[in-house]
Amino acid sequence: MNDEPLIHTTRGNVPVASLSHAVEWRITDQLIHFTEIYRDADGVIVRQDAHVYSFGASAKIDASLE
Amino acid sequence: MALTTAVTNQFKADLLGMAVHAAGNTYKLLLVKSGHTGTYNASTVSVGATVDGTGTPSTTLVGTDAISASNSTMGTYGVTGFTLSGFSATLQTSTGCLDFSAPAAATGTTISAVGALLYNSTQATGKVLACYDFGGTIASTAGNFTISVPSVGASTSMIRIA
């Protein structure tokens, strides 16, 4: 039985150990963006997971009586 | 074209007109593709009666700016967007806050998105409550696309009205 961990990529399921893994963070005043990048031996991106955390949106409603 | 984080003017008018967005309605978060041609900001009104990735984008129609099978590998992401649950309207000190639970991650996707539109899909035209700018392109390749939502708070909630 082959229990080598596999991961789904643009080339189907491949051994996760055959890929290089990198992460990137981008943090702004509006969101946090976290990306996981998997590359094959040639450096080609075969899988990329994107995660977004948004800080929301605001509005102001004023009351006035003159 | 531009996409700017904002609570829409339409939503403000709906609130003041008591045309409420009910807790029992269905709310969705629709990703806007990279390279979109429409403009999304406070003036955005709706996503359109039908969200299927077709039609010329305008303030009342997202049309071809939606993530669809013609521009992406959809995986488990639906063309009408992430369905949101956990409607929560609260008052945080003097700020009215509207929040939802984070949707399940879309898997098996190849998507390039620059922002998202929060809209009410129960209403016939899919009125937009808010626009969210990602500040650049966020891409997935044969992988997961996950949206996390902020915690409830006067300075953090998804929609805040002071």
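**Briefing: a predicted model of chains A and B**

Of the 48 residues in the largest nonpolar core, those that touch the most other members are B:Leu30, B:Leu117, B:Leu118 and B:Ala130. A nonpolar core is a set of buried Ala, Val, Leu, Ile, Met, Phe, Trp, Tyr and Cys residues joined through C-beta atoms within 7 Å. A residue is buried if 20 or more other C-beta atoms lie within 10 Å of its own, exposed if 12 or fewer, and partly exposed in between, with C-beta atoms placed from the backbone. The model is predicted: local features need pLDDT of at least 70, side-chain atom pairs count only at pLDDT 80 or more, and totals for chains, interfaces and linings use all residues. Residues are numbered from 1 along each chain as its sequence is written, while chains are lettered from A and ligands numbered from 1 in the order in which they are written.

- Helices (H or I, at least four residues) and strands (E, at least two) are DSSP runs, numbered from the N terminus.
- β7(B) provides the largest share of the core, 10 residues.
- Leaving aside neighbours within four places in sequence, B:Ala130 is in contact with A:Ala57, B:Ala6, B:Val7, B:Thr8, B:Phe11, B:Leu118 and B:Ile159.
- Two residues are in contact if their C-beta atoms, placed from the backbone, lie within 7 Å.

**Contact between the chains**

- Chain B puts 30 residues into the contact and chain A puts in 24 residues.
- On the side of chain B that touches chain A, β1 (6-7), β7 (128-148) and β8 (159-161) each supply at least two residues.
- β7(B) gives the most to that side of chain B, with 16 residues.
- The residues of the side of chain B that touches chain A comprise 16 nonpolar, 11 polar and 3 charged.
- For this division, Ala, Val, Leu, Ile, Met, Phe, Trp, Tyr, Cys and Pro count as nonpolar, Asp, Glu, Lys and Arg as charged, and the others, Gly among them, as polar.

- An open sheet of 4 strands, with mixed pairing, runs in the order β6(A)-β8(B)-β5(B)-β4(B).
- Its edge strands, each pairing on one side only, are β6 of chain A and β4 (88-92) of chain B.
- Neighbouring strands of this sheet are turned by 20 degrees against each other on average, direction ignored; axes are lines fitted to C-alpha atoms, for helices over the stretch in contact, and angles run from 0 to 180 degrees between N-to-C directions.
- Strand β6 (residues 57-59) of chain A is parallel to β8(B), and 3 bridges join the two; two strands pair if DSSP finds at least two bridges between them.
- A:Ala59 has B:Ile161 as its bridge partner in β8(B).
- Strand β5 (residues 95-99) of chain B pairs with β8(B) in the antiparallel sense, over 3 bridges, and B:Leu98 has B:Ile159 as its bridge partner in β8(B).

**Chain A**

- Chain A has 0 helices and 6 strands.
- The radius of gyration of chain A is 21 Å, well over the 11 Å that the globule rule gives for 66 residues, so chain A is more spread out than a compact globule.
- That radius is taken over C-alpha atoms, and the globule rule is 2.2 Å times the number of residues to the power 0.38.
- The C-alpha trace of chain A spans about 80 × 25 × 15 Å along its principal axes.
- Buried residues account for 21% of the 66 residues in chain A.
- Among contacts in chain A between residues at least 6 apart in sequence, 24% join residues at least 24 apart.
- Strands β1 (residues 6-9) and β2 (residues 12-15) of chain A run antiparallel and are joined by 4 bridges.
- β1(A) and β2(A) form a hairpin with 2 residues between them, and A:His8 stands opposite A:Asn13 in β2(A).

**Chain B**

- Chain B has 1 helix and 8 strands, in the sequence pattern β-α-β-β-β-β-β-β-β.
- The radius of gyration of chain B is 15 Å, close to the 15 Å that the globule rule gives for 162 residues, so chain B is as compact as a globular protein of that length.
- The C-alpha trace of chain B spans about 45 × 30 × 30 Å along its principal axes.
- Buried residues account for 47% of the 162 residues in chain B.
- Among contacts in chain B between residues at least 6 apart in sequence, 73% join residues at least 24 apart.
- B:Gly24 lies in the loop between α1 (9-16) and β2 of chain B and is exposed, with 7 other C-beta atoms within 10 Å.
- The C-alpha atoms of B:Gly24 and B:Ser85 are separated by 9.7 Å, with the two residues 61 residues apart along the chain.
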